[in-house]
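Please examine the sequence and the structure shown below.

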Amino acid sequence: MLAACGGGSSSSGGGLGSGDLLVGVIAPFTGADAGLGPAYYSACLAAAPSINSNGGVGGRQVKCQQFDTRGEPADAVPAANQMVASHSNLMAAVGCTSDEAATVAPIIDRAHIPMFCMTGQTEFNKTPLKYFHRLVPADIFDAYAMVGSALYGPGHAPYKRAALVFGNDIGSQAFVEPATNAFTKLGGTIAINQPINLTASSFRTEVAAMLQTHPDVIFTEALGAAGTYLGEVKTLNGGKMIPFIGTSATIDPTWFQQVKGAIGVDDLVNNYAGVDLGYSFSGPAYTEFLTNLNAASSQFADAPKYKQRGSTLHLYDGIIMTALAMTAANSSDPKVYNAKIKEIANGVSGAQVVNTYKDGVAALKAGKSIRFVGAGGENNFDQYNNSVSGYIMVKYDAQGNEVKVAQLTPDQTKKISDAGGL
Amino acid sequence: MNTYYAANLLVYAGVDIIACLALNLQFGVSGIVNFSFIVFQAAGAYAAAVLSMPPHTASGYEFQLYVGGFQLPFPLPWIGGALAGGLLSIPVGLVVLRKLRSDYQAIALLVTSIIANTVITNARPFLNGAAGLALVPQPLQDQIDPGTDWYQYFYIGLTAVCVVLVWFVASRIVNSPFGRSLRAMRDHELAASALGKNPVALKMTIFIVGGVIAGLSGAILVGFIMLWAPSVWLFPETIILFAAVIVGGRGNNMGAVLGALLVPVGFEEVTRLLPSEFNMLGFAITPPVGLIPALQWVAIGLLIIGFLWFRPEGVRPEPRHVFDGAPVVPDAPEVELVRTA
Amino acid sequence: MSLFAAAFGFGLVSMSVIALAAVGFTMQFGITNMINLAYGEVMISSAYVAYYINRAGISIWIGMIAGAAFGAVFSFLLNRIVYAPFQRKGTSLLGMVIVSLAVSLMIANLLLPIVSYNSVSYHQSSGGLLRVGGIILTANQIVIIGVAVVVMLGIHGLLTYTRLGKAMRATAANPTLARNCGIPTKRVVDAVWLITGALCGLAGVVAALNSDSFAIASGAGFLITALAAAVLGGAGQPYGAMIGAVIIGMVTELSAASFSPEYKDVVAFGILVLVMVLRPQGLLAKRGALAAAG
């Protein structure tokens, strides 16, 4: 089973080495964003068995380790440096959220470690960092999808007046401008753009001001404050909820539970529309992911809750693709195998599509080139290693599962991005 | 241990040493409990950033909104940072230092720090709000490729030069008549003013000097991490630096240096090495996710409390300055802030 | 619906929530000279205690009492086990602040693995909406205002009419003199920590109830508002803290109604800056706060 002896694959990469391999989960585990780290860690907890019980990477077992950035850039820098310096068996880094990506990504890139970062920040839309990979869409695409949901979503006439309620933090303006441009050019009106301080403990006056503008729909993300804000919308509106559309980051068990606690599950299910990348939540890749995620509950009790969270799916895929890239390049040197990740994600012509690590290794051994289509679906990396794919419109069911309701057609998508202009 | 991690620790050590030396001048030597200290470091960082960054309309920077953007070459941004720290000290000092007794001063300065952070976070067009300033250019990045080891050595050297400079200035102050006046004012303000020293002028002067040095430390830090956001300078950071000065030994520069190495660098970084897996009796025990990072913080808290309990005078206590012929008295007690009215 | 009338109503709720926290905090400072940076974490711990009780099906009003009791005991123990020993050793004000910060780090991070990082909400229907001339308040909010008024009156009564209250005021003014006059300052201090701890716990539950959903990270924000109101009114002055709470609570909501709401904190803190420039010791501080001239 050892592919280390140079059989099958095209390049003589120097062999896969020995000893354990490490995936570094570099994200906040304490502080204000303490929830992000564990969500990404669960992706690694699911990916490791997929690889390890199928021979590992040339026999090497994959392990996961947490590196706490403590939620702020000045603490993130030593975390990243320590991760890189103390572990020569680092195969990939995952996580790097918007809180710290701007400082951490260059460090990891300089150390030639492939990374899969969870940040929609605009500065990475055209990044020169070769080891940076982004599987979540840039925020502007989320904004367009939300406009699409408002205009073309099923079950309602196109909304005319939208209220934009985003945090004044690291994510906000990236949504506001494209959403405003697209929505207004396609005939809608922005009733109010209301940046809110996500750490505030109440938003009553803001909600009252928003209600006075009589919007048909609220576009929001407001991670951490959504429960508070939406709860007050319901109260101040006499118990009646206004429809609200969330970004892809709102497809998250934490967000669901917070808003459900505030407005109740019925209002949540009936009034929430979300946008997300087109996940099928089925197929061989997803099945293996789900099995391993559930098994990981012995190490992390909340792990199974992330079964539909886009970022968890993508990081899972990213780790597996890295392992496949190492096998394909027959090398444990990231400088050699980094470029293979994109190849395996996008596939070259004639590539065989595989859905699991096991199948991928088998195909590689047989001398084929592969395209990995994993739990998160197809990937299409552009020249900046940003992967963009189609959006769908979703809602929640009462248990917090994502349910697809419709898909934006390519025509509609084009109309919106043209109107949005960015 | 590779070059970058070593450089990281050394540069952070340098920045913290400089900050602690400044704080020691303000607090250790002069008795000003400046609980807004971190604001001055932040002012220096922001100033250095907006002086060295291109305007926000430039390509690649459009996602940010900020004032300035003068793209000045090194070392102007660092000088600007130091100046910003000094300039900010003037209004703050004028308001708070003149009129208030020290415990009220302390809490008022603490609130000032909170106000500054809230205002900068919410007033987005000024310094890009909560997201902060990213892609801050590094000193001489066009001349030396920042991706190489040489650049790390260069940065370490640059930081070391600044540390030496600040140490020199701080030593001169502490060992000068000015320094003696400051200590006299700290220990017995009434007696000092009876001798003709002007406490207000003394306090303002050292406050501004401390502000300048704090600003410089901010400029050095932002040049290294290339990002500066409100989350970096929340009010607990000031308290950590105070802990450093106390743990190291207040009132003397060496103590400040030791404290800087122990607390912000030592405690915070050593705790990262807490293992994430244990081997007990042949079984690998993996603690629940997030437990070890949380325990790292608990460990930091315990270390601080432990030092304060077992060695309250600091690792290197302030040396008593004894003059020939003077009666030798036991160490002065900690300054107690007693209500008198 | 006039936005200003509504904002006024919200201001009443805000000021009630802030007052409960600020008065407790300022009394701790005034009587024991502690700038207790762990205050916010005690608040949030009490909020979680009430949450677990509420989750067992018990009404949040009972939970509120439980939270207050927990806050009282927790703060009392904190003083007995950590703060008082350090103070007996002669640790300065500054040293105590550092200790309280270390304690707050420890509380927050010991709580994190237990309650997890998720936000939680209380299960309590918000009650009917009351609309009076543009003001919109839920029944819960009216109860909160009521609780705050009752507690403030209670504090006033305590300080003015009871022996304990007078002993507290004496200890705050001059501990040595108070002791010499036969006041059992150690017992007074114990009582202070119990009472302000109860305020802290109560304030935590109320603040959590007020914000519809809370998490550990909310603790820092609670501390900041309490601190700001306390300093505005004059650190150590309970009535000052009440006034500070009124000002900050009302200004925040009214300015959210007048300008863009994202600046509401800026305006409130701007008022604070103005007061600090004009009267740095705070609105109600006694003359002793000022240093000797020169």
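A:Arg70 counts as buried, at 6% relative accessibility; buried means under 20% relative accessible area, exposed over 50%, and partly exposed in between, with a 1.4 Å probe and protein chains only. A:Arg70 belongs to the loop between strand 2 (62-68) and helix 2 (73-86) of chain A, where helices (H or I, at least four residues) and strands (E, at least two) are DSSP runs numbered from the N terminus. Its phi is near 60 degrees, a positive value in a residue other than glycine.

This is a predicted model, in which local features need pLDDT of at least 70 and side-chain atom pairs count only at pLDDT 80 or more, while totals for chains, interfaces and linings use all residues. Residues are numbered from 1 along each chain as its sequence is written, chains are lettered from A and ligands numbered from 1 in the order in which they are written, and side-chain values use heavy atoms, with hydrogens and water left out.

A positive phi is also found at C:Asp212, where the angle is near 65 degrees in a residue other than glycine. C:Asp212 sits in the loop between helix 8 (185-210) and helix 9 (218-233) of chain C, and it is partly exposed, with a relative accessible area of 23%.

In chain A, A:Asp267 is part of helix 9 (residues 265-271). Is this residue buried or exposed? A:Asp267 is buried, its relative accessible area being 18%. Its side chain makes a polar contact with the side chain of A:Lys234 at 2.7 Å; such a contact is a pair of N or O atoms within 3.5 Å, and within protein one must be able to donate a hydrogen and the other to accept it, while residues adjacent in sequence count only if both atoms are side-chain atoms. Neighbours within four places in sequence aside, A:Asp267 is in contact (heavy atoms within 4.5 Å) with A:Lys234, A:Gly239, A:Met241 and A:Tyr272.

The peptide bond from B:Phe74 to B:Pro75 is cis, with omega near 5 degrees, and B:Pro75 lies in the loop between helix 2 (37-52) and helix 3 (76-99) of chain B.

Chain B as a whole contains twelve helices and four strands. Its C-alpha atoms fill a box of roughly 65 × 60 × 40 Å along the principal axes. Of the 341 residues in chain B, 57% are buried.
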